[in-house]
Amino acid sequence: MGWYASSYLLTTCSVQLLFGKLYTHFNIKVVYLSAIALFELGSLICGAAPTSNALILGRAIAGLGSAGVFNGGVIIISRTVPLVRRPIYVGIVGSMYGIASVAGPLMGGAFTDHLSWRWCFYINLPIGSITFAGIVLFLKTPEKERAPMALRARILQLDPLGTVIFLPAIICLLIALQWGGTKYPWSDSRVIVLLVVFAVLISIFIIVQIYNKDNATVPPRIISQRSMAFGSWYIFSVSISRASFLTDFGDQANSCPSCRPHSSSPYTIFRSGFKLLREHPQFTPEL
Amino acid sequence: MNLPLLLGVVFMAMIAGFAITLMGYYTPFILMSTIVAALGMGLLSTLKPESGHPMWIGYECLFGLGIGAGLMQTVLIAQTVLDIDDTPTGTAALIFFQTLGGAIMISVAQNVFQNRLIANLKAVFPGLDPSSLLGNTGATNLQDVVPPEYLTQVLIAYNKALSSTFYVGAAMASLSVFGSLGIEWKSVKGQNDHVVAV
């Protein structure tokens, strides 16, 4: 997995939970627009990237924003559509995601062949601007009355201690997973140290969550609610299953000649593997 | 191209959306998602180089139907069982587990695939340096690297490595039953709505 894909995942995973707190304690519209703006800034940096490192930085910033965009979309539905009709809207969001995953690689390929790979990222700017303007003009989120609160108390609500522990924990885990078995063997001291640091930090994080109660990033009473706990396991395991098929950034990165990733992503290999196997029926081996 | 998969996802996500609004319950669709996704992934792992298009397309589509039935609808849990003030945090937690699962599987899939491929190739060509086949080599240019007389064996090794990766996917889809069985049957109908008209 190249850094183009993983820098995005790294930041998305790291701040996803924090966005839950931001949407709880701050104006939903402001948080959502900020998330879109971050995503667009990241896309702009990617599109204009003079070097491979700039592209990775752009992907990281876009990942920060995207953590809030997906989340925010669902939360806006929850504040504007009655619960009984929400399943339809959630279905529409899911379908859009599906359609975009087909259209994205196709458009990416077309841009790369006929224009420039940079347009794979620039295309986000007009689309994002339309969304941004639409939200500014039309979204009126019902704001609950908030008691005026000192800045310090507001920041404490966001669980700064938990966040400071959680970010490096996730970064250690994802870098260990990226390196293990590919760049370094699993027995390499670097990989082992990263995994140990992850285990220690995540344990401290869980203790902080229990101790912080309602001010925790994930208050224990929320995640221990029966449906939430079982639902978390369901969505985690099915996402793992689905990931063997997901399309990803690998295709676009592969077609950017000056910034080829160090290895093809497994998805790319899977897909081209299928393609090869499909296109050559003359290889009908005895199994 | 994963078109059949995505057609399955889109079709089923819409059907499930309308059906849940009519029936009120999302849990049966999450249960169905577990069953159909596990079935689809299991079938995908049986594919062979000589398997025809109907098999590839059908299995991919079946897996997509399984994903579409439950994955997005899971966010409804946070909105149905939690207080309005807790829904953003609950939603964030569910989406976090979705992202984390994907991030972990990228690495696991790559590891399983590469290790199985190398082991399979070594079994057929004891003297081969497998690193010459990995690195920047996707399967599209496998033919440029492998002499034609060995291509069949390499394809079989490649196919077996793919199947091993799908076994992981099928196992995880099956294990998701321990989540979907525990989710309460709670209707989206008749709950307190906290929506203020816009």
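What percentage of the 287 residues of chain A count as buried? The answer is 54%, and the close-ups below come from a predicted model.

**Figure 1. Chain A as a helical chain.** Welcome to the overview. Chain A contains 13 helices and zero strands, so the order of elements from the N terminus reads α-α-α-α-α-α-α-α-α-α-α-α-α, as the DSSP runs are numbered from that end. Take the contacts in chain A between residues at least 6 apart in sequence: 70% of them join residues at least 24 apart.

**Figure 2. The salt bridge of Arg190(A) and Asp188(A).** Here is one of the three salt bridges that the structure holds over all chains. The closest N and O atoms of Arg190(A) and Asp188(A) are 3.1 Å apart. The two partners can be told apart by their accessibility: Asp188(A) is buried, at a relative accessible area of 14%, whereas Arg190(A) is partly exposed, at 44%. Asp188(A) counts as buried because its 14% falls under the 20% cut-off.

**Figure 3. Arg221(A) and Asp214(A).** This view stays within chain A. Asp214(A) and Arg221(A) form a salt bridge, with 2.7 Å between the closest N and O atoms. Asp214(A) is partly exposed, with a relative accessible area of 44%, and Arg221(A) is also partly exposed, at 41% relative accessibility. As a friendly reminder, side chains of opposite charge can pair when their charged atoms come close.

**Figure 4. A salt bridge between chains.** Now follow Arg221(A) across to chain B. Its side chain meets that of Asp86(B) in a salt bridge of 2.6 Å, N to O. The pair runs from Asp86(B), in the loop between helix 4 (75–81) and helix 5 (87–124) of chain B, to Arg221(A) in helix 10 (residues 220–223) of chain A. Asp86(B) is buried, with a relative accessible area of 10%, while Arg221(A) counts as partly exposed.

**Figure 5. The network as a whole.** Which residues are linked in a network of salt bridges? They are Asp214(A), Arg221(A) and Asp86(B). Arg221(A) pairs with Asp214(A) and also with Asp86(B).

Conventions:
Residues are numbered from 1 along each chain as its sequence is written. Chains are lettered from A and ligands numbered from 1 in the order in which they are written. This is a predicted model: local features need pLDDT of at least 70, side-chain atom pairs count only at pLDDT 80 or more; totals for chains, interfaces and linings use all residues. Side-chain values use heavy atoms; hydrogens and water are left out. Helices (H or I, at least four residues) and strands (E, at least two) are DSSP runs, numbered from the N terminus. Buried means under 20% relative accessible area, exposed over 50%, partly exposed in between (1.4 Å probe, protein chains only). Contact means heavy atoms within 4.5 Å. A salt bridge is a side-chain nitrogen of Lys or Arg within 4 Å of a carboxyl oxygen of Asp or Glu.
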